[in-house]
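The terms are given with their cut-offs where they come up.

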Amino acid sequence: MASVTAAEGAAAALRSVMSRAQQAAARAGRAPGSVRVVAVSKTKPVSVIRGVYDAGHRCFCENYVQELLDKAPQLPEDIEWHFIGNLQSNKAKALLAGVPNLDMVESVDDEKIANRLDRVVADLGRKPLKVLVQVNTSGEESKFGVDPSGCVKLAKHVTLNCPNLVFSGLMTIGMLDYSSTPENFKIEMGSTNVRVGSTIFGAREYPKN
Ligand SMILES: *Cc1c(COP(=O)(O)O)cnc(C)c1O
């Protein structure tokens, strides 16, 4: 068997994921291109991310500020970076200043972080930043996110009080148990922003401490 580099393997997997997302959108009667696939590149080296970029993908995300600050300058500026991790207020400025092509923060879960992001965007004179309000729909304590009962209030806060943010929708993290209802993982339920990590990049290896 011919050897395939990690970058080539990831590029091939990306093509397959993109076509599956298109097919799911079509089955649900939705327009092609109505589902954005966000490639979750955390822990993966820049060379492999570059392979997926070269295959035509532009939207990637990371969950740690420092990792994104390290990687973004080594990769093309037309990447649309999304931040998906739990963002601490005191890291917001470093993140936005260090990643000019940060396109979206998907994990806004309280007013404090919304206010901080709004302020930092203004201070940096940056264009408005897209945000998603992250909702903890599964009720699992291990997951971040605003409680569903507080989600409308937070979305209103962003829309009305944060002129430098663009409220762009909701993000939820489903439960791994597919038998649970509602089936919050199905693209056909109407998702427009789907995060895919290991299916594109292969399993993640975490260093042992
Ligand atoms: C890592 C991560 C993913 C991707 O998970 P995979 O199972 O590798 O697709 C999605 N969302 C969040 C918040 C993550 O941290």
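What covers the buried residues of helix 2?

## Basis of the model

The model is predicted: local features need pLDDT of at least 70, side-chain atom pairs count only at pLDDT 80 or more, and totals for chains, interfaces and linings use all residues. Residues are numbered from 1 along each chain as its sequence is written, and side-chain values use heavy atoms, with hydrogens and water left out.

## Helix 2 and its cover

The cover over the buried residues of helix 2 includes helix 1 (6–27), strand 2, helix 3 (65–71) and helix 7 (198–201). Helices (H or I, at least four residues) and strands (E, at least two) are DSSP runs, numbered from the N terminus. Contact means heavy atoms within 4.5 Å.

Helix 2 spans residues 46–54, and its buried residues are V46, V48, I49, G51, V52 and Y53. A residue is buried under 20% relative accessible area, exposed over 50%, and partly exposed in between (1.4 Å probe, protein chains only). Just after helix 2, G56 has a positive phi of about 110 degrees.

An open sheet is formed by 7 strands in the order 6-5-4-3-2-1-7, with parallel pairing. Strand 6 (165–172) and strand 7 (193–196) are at the edges with a single partner strand each, so one side of each has no neighbour in the sheet. From one strand to the next, the twist averages 30 degrees. Angles run from 0 to 180 degrees between N-to-C directions, and axes are lines fitted to C-alpha atoms, for helices over the stretch in contact.

Two strands pair if DSSP finds at least two bridges between them. Strand 2 (residues 59–62) and strand 3 (residues 80–83) run parallel and are joined by 4 bridges; C61 is opposite H82 in strand 3. On to strand 4, strand 3 pairs in the parallel sense over 3 bridges, and the bridge partner of H82 there is M104.

Helix 6 (residues 151–161) lies across strand 4 (102–108), strand 5 (129–135) and strand 6, and runs at about 160 degrees to strand 6.

Q134 is located in strand 5 and counts as buried, at 4% relative accessibility. Its side chain reaches the backbone oxygen of F144 at 3.4 Å. A polar contact is a pair of N or O atoms within 3.5 Å; within protein, one must be able to donate a hydrogen and the other to accept it, and residues adjacent in sequence count only if both atoms are side-chain atoms. Beyond four places in sequence, the contacts of Q134 include E106, V108, F144, M171 and R195.

A94 belongs to helix 4 (residues 92–98). A94 counts as partly exposed, at 37% relative accessibility. Its C-alpha atom is separated by 41 Å from that of G29, 65 residues apart along the chain.

## Overall dimensions

The protein chain has 7 helices and 7 strands, running α-β-α-β-α-β-α-β-α-β-α-β-β-α from the N terminus. Its radius of gyration is 17 Å, close to the 17 Å that the globule rule gives for 209 residues, so the chain is as compact as a globular protein of that length. The radius is taken over C-alpha atoms, and the rule is 2.2 Å times the number of residues to the power 0.38.

Along the principal axes, the C-alpha atoms fill a box of roughly 55 × 40 × 40 Å. Buried residues make up 43% of the 209 residues.
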